[in-house]
Structure formats: structure tokens, C-alpha cells
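Dear colleague,

I am handing over a structure that may be new to you, and it is shown just below. My notes on what was found in it follow.

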Amino acid sequence: QVQLVESGGGLVQAGGSLRLSCAASGSIFRTNAMYWYRQAPGKQRELVAGITIGGSANYADSVKGRFTISRDNAKNTVYLQMNTLKPEDTAVYYCNIDVNINLSSRRNYWGQGTQVTVSS
């Protein structure tokens with residue numbers, strides 16, 4: 001079993017910054033791709049950023065230049081540094097991690113979500 005624990009959400013004024021963390025623990029042989037998604041009220045969940053095991057990152061157009069995804073493979077942790085936050089960034093943020101639990105078995109897990117609220 002694998003558990004994901006998210007932290008770092010909160011309330012911030014527009015223009016401010018927050019850093020989200022998502023730590024995976026349990027039966028992990030290797031973490032593969034890691035992602036951050038978000039879901040605003042009344043909207044579908046959308047991909048914000050992803051990072052490969054080698055560290056290559058990609059971003060949604062709406063956050064490019066403002067958000068940075070990174071990872072610490074030794075700690076099985078993924079981060080999302082969010083700068084110049086806007087009210088439209090308000091959402092519940094979820095991490096999603098693809099792992100190998102052994103050499104041949106892959107699983108996908110979601111974090112519990114953390115609320116990010118940006119006031120204008």
C-alpha cells in the first residue's frame with residue numbers, strides 16, 4: 001500500500017506565493033512520473049504540471065512562468081512552487097504519482113487534496 005500526504009495549501013493574497021509538497025510512503029520500489037492537478041468549484045479537474053523520473057517538466061499554459069514543479073527522488077516527494085498567484089488559481093490541488101511497487105507492477109495514486117485560495 002502507498003500513501004500520499006499533501007501539505008502547503010492555504011490562503012494568500014494575489015501576487016503571493018505558496019509551496020505545495022506531496023510525500024509518498026509505503027511499498028514503493030520506484031516513483032515514476034509525478035503530477036499536480038487542480039479542481040476549481042464547478043470545473044473539471046485539470047493537469048497543472050508534470051515531471052518525469054529524469055526531471056523533465058511540463059506545464060499548463062495558464063501557469064507557465066509562474067509555477068515550478070520539482071521532485072526529490074530520495075524522499076519520494078514532489079513539490080509545486082507557485083509564484084505570482086492569481087484569484088483564478090483558487091482550487092483544490094491534488095498530487096498524482098505513478099509508482100512501481102516492484103519490478104513489474106505499476107500503480108497510480110492520488111493525494112487527498114489541499115485547498116489553495118487566492119484573494120484579490
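Which residues do ring pairs link into a cluster? Before the answer, please keep in mind that this is a predicted model. The residues that ring pairs join into a cluster are Tyr-35, Tyr-37, Tyr-94 and Trp-110.

The structure holds three aromatic pairs. In one of them, the ring centres of Tyr-37 and Trp-110 lie 4.9 Å apart and the planes meet at 55 degrees, so this pair is tilted. Because Tyr-37 belongs to strand E4 (residues 30-39) and Trp-110 to strand E10 (residues 106-110), the pair ties together parts that are 73 residues apart in sequence. Trp-110 itself is partly exposed, with a relative accessible area of 39%.

Tyr-94 and Trp-110 form another aromatic pair, which is edge-to-face, with 6.5 Å from centre to centre and 85 degrees between the planes. This pair also links distant parts of the chain, since Tyr-94 is in strand E9 (residues 91-100) and Trp-110 is in strand E10, 16 residues apart. Tyr-94, at 15% relative accessibility, counts as buried.

Two arginines are placed over rings as well. The charged end of Arg-45 sits over the ring of Trp-110, 4.7 Å from its centre, while Arg-19 lies over the face of Tyr-79, at 4.1 Å from the ring centre.

Turning to the strands, E1 (residues 2-7) has a covered face made of Val-2, Leu-4 and Glu-6, and an uncovered face made of Gln-3, Val-5 and Ser-7. In a regular strand, the side chains alternate between the two faces of the sheet. Strand E1 pairs with strand E3 (residues 18-26) in the antiparallel sense over six bridges, and Glu-6 stands opposite Cys-22 in E3.

Leaving aside residues up to four places away in sequence, Val-78 touches a number of residues, including Leu-20, Cys-22, Met-34, Trp-36, Ile-51, Ile-69, Cys-95 and Ile-97.

Notes: Residues are numbered from 1 along each chain as its sequence is written. This is a predicted model: local features need pLDDT of at least 70, side-chain atom pairs count only at pLDDT 80 or more; totals for chains, interfaces and linings use all residues. Side-chain values use heavy atoms; hydrogens and water are left out. Rings of Phe, Tyr and Trp (its six-membered ring) pair if their centres lie within 6.5 Å; planes under 30 degrees apart count as stacked, over 60 as edge-to-face and the rest as tilted. Helices (H or I, at least four residues) and strands (E, at least two) are DSSP runs, numbered from the N terminus. Buried means under 20% relative accessible area, exposed over 50%, partly exposed in between (1.4 Å probe, protein chains only). A charge sits over a ring if NZ of Lys or CZ of Arg is within 6 Å of the ring centre and within 35 degrees of the ring normal. Two strands pair if DSSP finds at least two bridges between them. Contact means heavy atoms within 4.5 Å.
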